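Please look over the sequence and the model below before reading on.

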Amino acid sequence: MTDTKIAYEDFEVGGTIEFGPRAVPADEMIDFAMRYDPQPMHLDQAAGETSLLGGLAASGLFTASIFMRMMCDGYLLNSTSQGSPGLDYVNFRRPLMAGDTVRGRTTVLAKRESASRPGLGFVSVKHELFNQNDELVCEMANTGMFLMRNGGAAA
């Protein structure tokens, strides 16, 4: 591991990380839905138009999955991340529609050093996914586990 990776010490309460944008093509949404969530509004434009969603819309699980990929590409793969014990919540605020372009933001809410594992810290964050109209599509919160630089106490 090199010192250029984002480590626990690099997260500041109130700080944000922006990532994206990412286009969301219909064929990718439909492929995911065919495999994992084959409801009509996720598979067919006409069915989506007659649903409450108003058009071909992504499965919520697809939305969360691409959001995770965007976070990985945006910063997690260049960090000392050790995963997360789980999500606090996931809220879908509006449908992710075929053809949307989304961007994400992570905001650091709190951080603390592990009491039982020296060299490990917990970073509590809120994630937001916005469409091309800056409308909130999805929000999530979780605590991530990150190694400290040089395995020592945080600065």
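The model is a predicted one. In soluble globular proteins, nonpolar side chains tend to be buried together. Here the largest nonpolar core has 27 residues, and the members that touch the most others are F62 and L96. At least two residues of this core come from each of α1 (26–36), α4, β3 (101–113), β4 and β5. Helix α4 gives the largest share, six residues.

Once its neighbours within four places in sequence are set aside, L96 is in contact with V24, M29, L56, A57, A58, F62, T63, I66, V102 and V137.

Next comes the open space. The largest pocket holds about 270 Å³. It is lined by 17 residues, of which M68, L76, S84, H127 and N142 are the closest to its centre. Helix α4 and the strands β4 (120–130) and β5 (136–147) each contribute at least two lining residues, and β5 has the largest share with four. By type, the lining has eleven nonpolar residues, six polar ones and no charged ones.

The last stop is C72, which sits in helix α4, residues 60–74. Is C72 buried or exposed? C72 counts as buried because its relative accessible area is 18%, and the cut-off for buried is under 20%. Between C72 and G48 there are 24 residues of separation in sequence, while their C-alpha atoms lie 30 Å apart in space.

Conventions. Residues are numbered from 1 along each chain as its sequence is written. This is a predicted model: local features need pLDDT of at least 70, side-chain atom pairs count only at pLDDT 80 or more; totals for chains, interfaces and linings use all residues. Side-chain values use heavy atoms; hydrogens and water are left out. Buried means under 20% relative accessible area, exposed over 50%, partly exposed in between (1.4 Å probe, protein chains only). On a 1 Å grid over the protein atoms alone, a cavity is a set of points where a 1.4 Å probe fits but cannot get out, and a pocket is an open set with protein on both sides within 12 Å along at least five of seven lines; lining residues have an atom within 4 Å of a point. Grid points are joined across faces, edges and corners, and a volume is the space filled by probe spheres set on the points. Ala, Val, Leu, Ile, Met, Phe, Trp, Tyr, Cys and Pro count as nonpolar, Asp, Glu, Lys and Arg as charged, and the others, Gly among them, as polar. A nonpolar core is a set of buried Ala, Val, Leu, Ile, Met, Phe, Trp, Tyr and Cys residues joined through side-chain atoms within 4.5 Å. Contact means heavy atoms within 4.5 Å.
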